[in-house]
Amino acid sequence: MNDEDLNNKTVSIKTLGCKLNFAESATIEQHLAMQGFTIVHGDSCADVYIINTCAVTETAERKCRQMINHLHILNPAAKIVLVGCYSALEQAQTLISEVDMILGSHNKMQILKSIRNLFDSPSSPLADADEDEDSFFSSYSLHERTRSFLKIQDGCDYHCSYCTVCIARGKSRSDSIEHVIDNARKIVAGGIKEIVLSGVNIGDFKVNRQPAFLHLLQQLVQVDGLERIRISSIEPDLLSDEIIGFAAEHKQILPHFHIPLQSGNNRILALMRRRYQRELFARKASYIKQLMPHACIAADVITGFPTETEEDFMDTCHFIADTPVNMLHVFPYSRRPHTIAAAMEGQVEQAVKNKRTKLLISLSDSKKKQFYAQHQGQCFSALIEHKKENGCLFGFTENYIKVKVDARLHLEGQIITARLMDTDADGIYNIKIV
Ligand code: SF4
């Protein structure tokens, strides 16, 4: 097939999972558009559908299967290509009869060649085995015109006992500082004021195998026009006191920390093969609040990990209640094939996991409410987003408090100073612009 025939093709990318996947999809889209493909969105009929998959839970896998069925209905003649985390796992091969190509997660940049192969040699193998574990697919999202998810790192060397991401995405590797800065400049030139540093384990950002996350932050705060840098999720053992201190001294680095806790019980943490005990997490959270009392601390928690007893779970609840964490992301443990935890004795019943998840969500709701209430009447900077709903625009303060303004003020993409007045029925702050 010649280039002209290929360029008449329409492509639609469907993204499941985390912001890292969204950033990568955005870059794949840009590359395909530059090569002359027509990119279509939503439920449009396309010649090629690319599903950027996720493998973090069973639910994510189920969504992938549902998506394939949906796309077959949209256009039975379309070619379907799987990329991303789930496609890199052995179990994805069970989908081989339902899709046209399964690409591993390491060579997303090869997608153009792979699409060409699909049309040139329909008998070509379904799965592309040409993996390069060291490759780094640099990317950033531009869709949400207010903030960009900038990928700085990929893969993970931690091998937590429940996690498939380290299997799917391979070993930890980082972009170069020069490249990250270059991308940050391009994002700023596109009119975006906030970047969210993204990766699988961003605290493990390295240069020449040496830890360099702090050094990267030191360079990023010097990028002209880059007003807000959000750190996103960072492992507690990699969140050094120096990083916290640097964030406290530089207003571009937002006082918002997302730190995976996973359990507040040290026996469970050891079984999870996490690299810290709960005391370290508590010390980091206290130090953040000591330097930045208004900072928001969010934590991930898994409920119902194998062998977790009611007592262990209550240990987690008490620990969270006593630690300055302001909100939680709670996930019931998901038994992932080929992980150490999947083979453990003492798997917890789903009903028990659900009950514990519900309890932690309600603890999170009350902590978040308390955090919001503590800041009533105070002023913060807020970046207003483009999405409009019921005549309102929404945004987040530097410390991740959700606010809303009248859409008629047309503040899309602007950073304003907002006094937090009172919350509506959904807990979102009405503000006064000062
Ligand atoms: S730190 Fe643990 S949970 Fe996070 S990606 Fe690495 S292995 Fe998975």
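Predicted model: local features only at pLDDT ≥ 70, side-chain atom pairs only at ≥ 80, totals over all residues.

The protein chain is divided into domain 1, residues 3-128, domain 2, residues 147-374, and domain 3, residues 379-433. Between the C-alpha centres of domain 1 and domain 3 there are 36 Å.

Let me turn to one of the sheets. It is open and has three strands, in the order β7-β10-β13, with parallel pairing. Because β7 (147-151) and β13 (228-230) are the edge strands, each with a single partner strand, one side of each has no neighbour in the sheet. From one strand to the next, the twist averages 25°. Strand β10, residues 194-198, runs parallel to β7 and is joined to β7 by five bridges; in one of the pairs, Arg 147 has Glu 194 in β10 as its bridge partner.

Which helices lie across β7 and β10? One is α2, residues 19-34, running at about 90° to β7. Another is α6, whose direction is at about 165° to β7.

Helix α6 (residues 177-189) also has a helical neighbour: its axis and that of α7 (residues 213-220) come within 10 Å and cross at roughly 35°. The crossing of α6 past α7 is right-handed. On the α6 side, the residues that meet α7 are Ile 177, Val 180, Ile 181 and Ala 184, and their counterparts in α7 are His 215, Leu 216, Gln 219 and Leu 220.

I now come to another sheet. Here three strands form an open sheet in the order β14-β15-β16, again with parallel pairing. Its edge strands, β14 (256-262) and β16 (327-332), each pair on one side only. Neighbouring strands in this sheet are turned by 20° against each other on average, direction ignored. Six bridges link β15, residues 296-303, to the parallel strand β16, and Thr 303 has Pro 332 of β16 as its bridge partner.

Two helices on this sheet deserve mention. Helix α10, residues 278-291, touches β14 and β15, and its direction makes about 165° with that of β14. Helix α12, residues 350-374, touches β15 and β16, at about 170° to the direction of β16.

What span does α12 reach? From first C-alpha to last, its 25 residues reach 36 Å, close to the 36 Å expected at 1.5 Å a residue. Its buried residues are Lys 353, Arg 356, Leu 360, Ser 364, Lys 367, Lys 368 and Phe 371. These buried residues pack against β15, β16 and α11 (310-322).

Thank you for your attention.

Definitions and conventions. Residues numbered from 1 in each chain as written. Domains from an automatic or database assignment. Pairing = 2+ DSSP bridges. Helix = DSSP H or I, 4+ residues; strand = E, 2+ residues; numbered from the N terminus. Axes fitted to C-alpha atoms, helices over the stretch in contact; angles between N-to-C directions. Contact = placed C-beta atoms within 7 Å. Expected span 1.5 Å × (residues − 1). Buried ≥ 20, exposed ≤ 12 C-beta atoms within 10 Å, placed from the backbone. Left-handed = near helix turned anticlockwise from the far one by under 90°.
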